[in-house]
Amino acid sequence: MNTLFKSVFTVTVLTLMSLSMLTRAETVAPQAVDQVDIQKYAGKWYEISHLPMYFQRKCVSDISAQYGVNADQTMSVLNSCRIANGEMISSEGVAYPQNKGNSKLKVSFLPPSLRWIPFTKGHYWVLRVDPEYKVALVGGPSNKYLWILSREPQLDEATYRSYLETAKHYGYDVTKLIKLPH
């Protein structure tokens, strides 16, 4: 009986280790898409879900982002959300392209006079965007931040699940995503 228990235990442990290694092997580091047409990307996006983050801690609903293209090819950013007392709050920033394809940006929400300070810009990588620019997955080189965005306030479940699979492939813990109403 003792030998049988040891054999079953060993097989179980080896199976779990193999499954764990297989799961890790299926994930890769986040990769931005090759190219983003910033003219098509500009406009209003509704946040469908996000990983918890300090800057969105007060938001309870109606999270959106409005992007515009500036003359210098940076992008204006206006993030808005509703807080618990019903008030809409917003934050203005600018996104600076980091690659020729405009799929990797650095974003700053500091006042314009302070945006020169090093290490004050966050990564904003477009990890996936559909050909019609109706749905986007945004993150960065780490798995710290993640957003699923849509041109409409609601996203059908099949499309949402497809974008979750892409996020999982990049190693994001999608069980921590927060979905707030619009």
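Biologist: What makes the contact between Lys176 and Asp173 a salt bridge?

Modeller: A salt bridge needs a side-chain nitrogen of Lys or Arg within 4 Å of a carboxyl oxygen of Asp or Glu. The side chains of Lys176 and Asp173 meet at 4.0 Å, N to O. The model is predicted: local features need pLDDT of at least 70, side-chain atom pairs count only at pLDDT 80 or more, and totals for chains, interfaces and linings use all residues. Side-chain values use heavy atoms, without hydrogens and water, and residues are numbered from 1 along each chain as its sequence is written.

Biologist: Why is Lys176 called exposed?

Modeller: Buried is under 20% relative accessible area, exposed over 50%, partly exposed in between (1.4 Å probe, protein chains only). Lys176 has 52%, so Lys176 counts as exposed. Asp173 has 34% and is therefore partly exposed.

Biologist: How do you know that Glu132 and Lys134 form a salt bridge?

Modeller: Their closest N and O atoms are 3.4 Å apart. Glu132 is exposed at 55%. Lys134, at 45%, is partly exposed.

Biologist: What does the salt bridge of Arg82 with Asp62 tie together?

Modeller: The closest N and O atoms of Arg82 and Asp62 are 2.8 Å apart. Arg82 lies in strand E3 (residues 75-83) and Asp62 in strand E2 (residues 59-69), so the pair ties together parts 20 residues apart in sequence. Strands (E) are DSSP runs of at least two residues, numbered from the N terminus. Arg82 has a relative accessible area of 29%, so Arg82 is partly exposed.

Biologist: How many salt bridges does the rule give?

Modeller: Five.

Technical notes
Helix = DSSP H or I, 4+ residues; strand = E, 2+ residues; numbered from the N terminus.
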